Amino acid sequence: MSYLDDPRVYFAAERTLLAWQRSAIALMGLGFVIERFGLFIQLMAQGHPVSQSQTTLSLYIGVGFILIGACTAIFSAIQFMVFYQSLSTQEKPRGHVYWLPPAVNFFLAVSAAALSCWLVLTR
C-alpha cells in the first residue's frame, strides 16, 4: 500500500477533530456549571444577603467558558476542513462523509452561542 492510498492519514485528522470536539463540550459543560454556581450560592444563602456581584461574576465566567468552547469547536472544524482540502483525491477515503464531523462542530458552536444568549438574557 502506498502512502497516497493510506486512509489512516485522513482518519487520524478526523480523530484529532473529534478530540477537539470533546474538549469543546467539556469547556461548555464547565461553563454551564460555573454559571449555575451563582444560583447555588443564592439558594444556600437562605435569608442572608448575597451581593449581586457574586452571582454576576459566575454568570460572566461561565458564559466565557461556554464561548471559549464554541470557539474551540469552530476553529477545530475550520482546521479540519483546511486539512481535508489539502488532501489529494487518492488520499480521501471513497464513500466517506467528510462534512459531517465539521457540521456537528458548527452545530455545537451555534448551540453554545444560543445557550450563552439565553443565560445572559434570562439573568
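**Reading a helical model**

Q: In which helix is Ser76 placed?

A: Ser76 sits in helix α2. Helices (H or I, at least four residues) and strands (E, at least two) are DSSP runs, numbered from the N terminus. This is a predicted model, in which local features need pLDDT of at least 70 and side-chain atom pairs count only at pLDDT 80 or more, while totals for chains, interfaces and linings use all residues. Residues are numbered from 1 along each chain as its sequence is written, and side-chain values use heavy atoms, with hydrogens and water left out.

Q: How is confidence read, and where in the chain is it lowest and highest?

A: The score to read is pLDDT, the predictor's confidence in each residue, from 0 to 100. The chain averages a pLDDT of 89, and 95% of the residues score at least 70. Confidence in the chain is lowest in α1, with a mean of 90, and highest in α3, at 95.

Q: Is Ser76 buried or exposed?

A: Buried means under 20% relative accessible area, exposed means over 50%, and partly exposed is in between (1.4 Å probe, protein chains only). Ser76 counts as buried because its relative accessibility is 5%.

Q: Which residues is Ser76 in contact with, leaving aside neighbours within four places in sequence?

A: A contact is a pair with heavy atoms within 4.5 Å. With neighbours within four places in sequence left aside, Ser76 is in contact with Leu17, Trp20 and Asn105.

Q: What is a nonpolar core, and which residues form the largest one?

A: A nonpolar core is a set of buried Ala, Val, Leu, Ile, Met, Phe, Trp, Tyr and Cys residues joined through side-chain atoms within 4.5 Å. The largest here has eleven residues: Ala24, Met28, Leu59, Val63, Ile66, Ala70, Ala73, Leu108, Ala109, Ala112 and Leu119. At least two of its residues come from each of α1 (8-45), α2 (52-86) and α3 (100-122). The largest share, five residues, is supplied by α2.

Q: Which residues does Ala112 touch, not counting those up to four places away in sequence?

A: On that count, Ala112 touches Met28, Ile66 and Ala70. There is also a second, separate core of six residues, among them Tyr10, Ala13, Phe80 and Leu87.

Q: Which residues make the nonpolar surface patch?

A: Patches are made of residues with over 30% relative accessible area and no salt bridge; like charges are joined within 9 Å, and nonpolar side chains (Val, Leu, Ile, Met, Phe, Trp, Tyr) within 5 Å. Accessible areas come from the Shrake-Rupley method with a 1.4 Å probe, and for residues only the protein chains shown count as cover. The patch, about 450 Å², is made by Phe75, Ile78, Met81, Val82 and Phe106. With four residues, α2 gives the most to it. Val82 lies in helix α2 and counts as exposed because its relative accessibility is 56%.

Q: How many salt bridges does the structure hold?

A: Side chains of opposite charge can pair when their charged atoms come close. A salt bridge is a side-chain nitrogen of Lys or Arg within 4 Å of a carboxyl oxygen of Asp or Glu. The structure holds two of them. Glu35 pairs with Arg36, where the closest N and O atoms are 2.8 Å apart. Glu35 also forms a salt bridge with Arg123, at 2.7 Å between the closest N and O atoms. This second pair links distant parts of the chain, with Glu35 in helix α1 and Arg123 in the segment after α3, 88 residues apart. Through shared partners, the salt bridges join Glu35, Arg36 and Arg123 into one network.
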